[in-house]
Amino acid sequence: MYYGAADTCDVANGIGVRVTIFVSGCTNRCKGCFQPETWAFDYGNLYTPEIEEKVLEAVSRSFISGLTLLGGEPFEPENQRVLVGLLRKMRKRFPHKTVWAYTGFTLENELSPGGRKFCEVTAEMLSMIDVLVDGRFVQELKNLSLRFRGSENQRIIDLKATLKRKKIILYME
């Protein structure tokens with residue numbers, strides 16, 4: 001897996017100060033995407049065990065609320081297979097910190113069993129995420145006043161509650 005950037009002090013992509021990883025590779029290719037360079041699966045730098053440790057070290061700081069996964073597309077199967085390992089370590093070391101993930105896919109379609117982006121690690125990966133922002137960016141629905149999302153069709157899902165209740169529960173601050 002490649003990544004375009006890792007930010008150790010981000011306040012735009014989730015509640016609180018966060019560590020964010022922008023992974024490379026996206027088949028959605030949304031019109032108006034703010035990072036089209038990340039569509040290529042080989043954009044940026046190779047994600048290595050050393051980078052992963054630097055990310056986890058950054059998350060360990062007391063003022064960091066958690067980790068956010070963005071892209072590109074974290075839920076491309078080849079990215080999921082790498083990121084699930086990071087999330088396992090994150091949950092073991094920092095169970096009190098939150099994980100946010102952004103995806104252009106929808107939970108009940110592409111990321112559910114039988115969905116085109118569901119793979120052998122999807123269910124486990126979803127189980128370790130607290131908040132999922134899902135849905136493709138739609139330029140015609142772009143709204144700069146929205147918090148934590150770019151277009152009005154995108155949802156901010158309380159993933160823990162959704163998985164427990166087996167129905168979509170939107171995140172409320």
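The following exercises, each with a worked solution, concern a predicted model.

**Exercise 1. Helix H2**

Determine how the span of helix H2 relates to its expected value, where the helix bends, and which elements cover its buried residues.

Solution.
- Step 1. Helix H2 comprises residues 77–93, 17 residues in total, and extends 25 Å from its first C-alpha to its last. This is close to the 24 Å expected at 1.5 Å a residue.
- Step 2. A bend of about 30° is located at Leu-83.
- Step 3. Leu-83 is itself among the buried residues of H2, which also include Pro-77, Gly-85, Met-90 and Arg-91.
- Step 4. The cover over the buried residues of H2 includes strands E2 (17–23), E4 (64–70) and E5 (98–102), together with helices H1 (49–59), H3 (122–127) and H4 (159–165).

**Exercise 2. Lys-97**

Classify Lys-97 as buried or exposed, and identify its contacts beyond four places in sequence.

Solution.
- Step 1. Lys-97 is situated in the loop between H2 and E5.
- Step 2. Its relative accessibility is 6%; buried means under 20%, so Lys-97 counts as buried.
- Step 3. Beyond its neighbours within four places in sequence, Lys-97 contacts Val-59, Ser-60, Arg-61, Ile-64, Ser-65, Gly-66, Met-90, Arg-91 and Asp-130. Of these, Met-90 and Arg-91 are buried residues of H2.
- Step 4. Arg-18 lies 79 residues from Lys-97 in sequence, and their C-alpha atoms are 9.7 Å apart.

**Exercise 3. Met-172**

Classify Met-172 as buried or exposed, and state which residues make a nonpolar surface patch with it.

Solution.
- Step 1. Met-172 belongs to the segment after H4.
- Step 2. Because its relative accessibility is 64%, Met-172 counts as exposed.
- Step 3. Together with Ile-168 and Leu-170, Met-172 makes a nonpolar surface patch of about 290 Å².

Definitions and conventions: Residues numbered from 1 in each chain as written. Predicted model: local features only at pLDDT ≥ 70, side-chain atom pairs only at ≥ 80, totals over all residues. Heavy atoms only, no water. Helix = DSSP H or I, 4+ residues; strand = E, 2+ residues; numbered from the N terminus. Expected span 1.5 Å × (residues − 1). Bend = angle between axes of the 7 residues up to and from the residue. Buried < 20%, exposed > 50% of the residue type's maximum accessible area, 1.4 Å probe, protein only. Contact = heavy atoms within 4.5 Å. Patch = residues over 30% accessible without salt bridge, like charges linked within 9 Å, V, L, I, M, F, W, Y side chains within 5 Å. Areas by Shrake-Rupley, 256 points an atom, 1.4 Å probe, with all protein chains shown as cover. Salt bridge = Lys/Arg side-chain N within 4 Å of Asp/Glu carboxyl O.
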